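Q: Could you walk me through this model, starting with its packing and then turning to its backbone?

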Amino acid sequence: MKGEGKVFFLKSRMKWIGLLGLVLSAFSLLVHFLLAGFTDDSISDYSIPVTLFSWRPVFDNPRFNRHTPLYRRLWGPTRHVESLLPYAIPRGYHSDPPARTNGFVFVRIQGGFHEIRNSIPDVVAVSRLLNATLVIPEIQSTTSSKGISSQFKSFAYLYNEEHFMASLANDVRVVKTLPKNLKWARRKKQIPSFKVSYGSSPYYYLHHVLPVLIKHSVVELVVPHGGCLQAILPTNLEDYQRLRCRVAFHALQFRKEVQELSTKVLQRLRPLGRPFIAYDPGMTREALAYHGCAELFQDVHTELIQHKRAWMIKRGIVKGKLSVDSAEQRLQGLCPLMPEEVGILLRAYGYSWDTIIYVAGGEVFGGQRTLIPLHGMFENVVDRTSLSTGWELAKMYGRESKHKDIRPKTPPSVEEETKHDSSKSIRQRPQPLPPPPARPKYYNIEGWWGWVAESDNEPENTVIELRTNAHKLLWEAIDYVVSVEADVFVPGFDRDGKGHPSFASLVMGHRLYQSASAKTFRPDRKQTAMLLEEIRDHMYEANHTWIASVRKLLKKSILEGLVESSKRSKAFSFLSHPVPECSCIKRDHRVSNVSLIEADLGVTHRCPQGMDGAVRSKDNKNAEKEEDLDEEDLSSSGFFFGHKESGGSSNSNNETVNSEANNKEEGQLEDQEELEGGER
């Protein structure tokens, strides 16, 4: 009896264990299917990759010496502008915004990332000029997109609303939405609207917009071209320039998710504490079409650029002819520097094959194929996709709604296919063929811009393209943060598809404001094109004389390019060159720097006592001599493009030996030239 009782007990126990296992399995499956239905993507997206991101850096020598003359020449600060500090605080009487204003200004901003960023400071300045309450601007790229995350709407999709409002509390009254009655009137299109042209004057706002604002208590401003206030303002409005700086460089903070991913990308870019270069090719289809650079490409890419140019001519954006000599445009400096050309310049200047280069500024026209030569010269060429995971990007996008043309279509059932086949057999009359297209279609092998339209009109954006346009704002936000913080920045082009300053111009302006001494090359594209033309037939076999010319050109571009941008770029965009209005001179400056900063850049205001900064411990004269000791040493160029030079770390040792063994007299002459250049 006891034995039978034990057997019965064991059997019942096993049954309960089996039942519990079935219940847990059913629960697990239920949770699994709920998660699969919750996300837009497939279940496989929940799998965590083994590697956090795809890039694995390759270096010749893991140890990186920061105390050599070569390092100071390639990565060190520009000492002639070290005394320049950011100072955007009002310098005269500055009143707080009144409790009662003239009315509300509602703004819709069209365009891409750089146009949005260029417009918002202008909108704030205009609101203060009109004594108006600013409604948080609406970003059209997000509101016209379909299916982006409902967590973030319009302005909040890109920027931190709360920080924006708090930062401007002493300058402009900012509210999130219009009052209910005005919101209803706007929906019925019953409020006055102004489509503002690029660079409108203060006179326009005070004499055309202000009377309407006072009468109706609200106006709508549509900003289509990225910038609604003229770049250079009268002297009596100089504090409005500093307001623009406070908005652009302090109030416009990216939302938390974008900022966090940007910080992660920056951390991953600095393995073993190495510096890196940020490079913006500036090669967008619109910019290439506007400036007539179609023949720099081949095949379908030329056709696509020309199609876009024809579309621009039809709408009055471009005033010139459809067919333009691209080679002549390039020699005049009106076309972007190709990635291959930028790679040659950097190698000639002395950057080694294992230098980290971050490609910024959104998509490059022509796809990755255009970047192949740059990858061939530098091992560590990366972008945001190789430094982040799909999961991290999805987290930044937020939860996005489902759409029929985004989700893969399910195949038809057997019954539907049978029914379709039978209906085809019943038809007696044959169906007519569609008419042939007016122009043939071409397809790019890579699938990028894989069409040439049959008419002069650009095709309508699909839902997924609208969503991608919104995502591009976030991608370029990451690129912007990385480019501003980079040790060196190199622009391939600084004009957009309307001839205005582009993404690269805003980056250079932010770097000039935040850390003026950070190395930023601003090469003269005309002189650069002439130099490259000299070795067009033997581009990878340049001689010592040519390399010395490139180094001299790039070295001059750091300071002379800065002075040139004050004349050229600033006339179109204040944020591309916010000096002297938003800067001051450190009190512990050197006498040799004063002439450049005061005479050429126009900065005369001395920084307050608390902003003096730390005085450098090294003797200035010794530091100056050390910086250029290897200026004429051409061994650091890897003469010329040997990929992984044989000898590995021994090569880097040889570089140091060669630098130290440089001709002392040549080094002193180079020093004297630079000092004379600073005293102009």
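This is a predicted model: local features need pLDDT of at least 70, side-chain atom pairs count only at pLDDT 80 or more; totals for chains, interfaces and linings use all residues.

A: Residues are numbered from 1 along each chain as its sequence is written, and side-chain values use heavy atoms, with hydrogens and water left out.

Q: Fine, which residues have the most contacts inside the largest nonpolar core?
A: They are F164, Y205 and Y358, in a core of 88 residues, where a core is a set of buried Ala, Val, Leu, Ile, Met, Phe, Trp, Tyr and Cys residues joined through side-chain atoms within 4.5 Å; buried means under 20% relative accessible area, exposed over 50% and partly exposed in between, with a 1.4 Å probe and protein chains only.

Q: And which helix gives the largest share of this core?
A: Helix α17 (residues 463-485) does, with ten residues; helices are DSSP runs of H or I with at least four residues, strands are runs of E with at least two, and both are numbered from the N terminus.

Q: What lies apart from that core?
A: Another core, of 51 residues, which includes I277 and F378.

Q: Switching topic, is L22 buried or exposed?
A: L22, in helix α1 (residues 2-38), counts as exposed because its relative accessibility is 61%.

Q: Now the backbone: which residues does a cis peptide bond join?
A: V579 and P580, with omega about 15°, and P580 sits in the loop between α20 (544-568) and β13 (583-585).

Q: What about the phi of N131?
A: N131 is not a glycine, yet its phi is positive, at about 55°, and the residue lies in the loop between α3 (113-129) and β3 (133-135).
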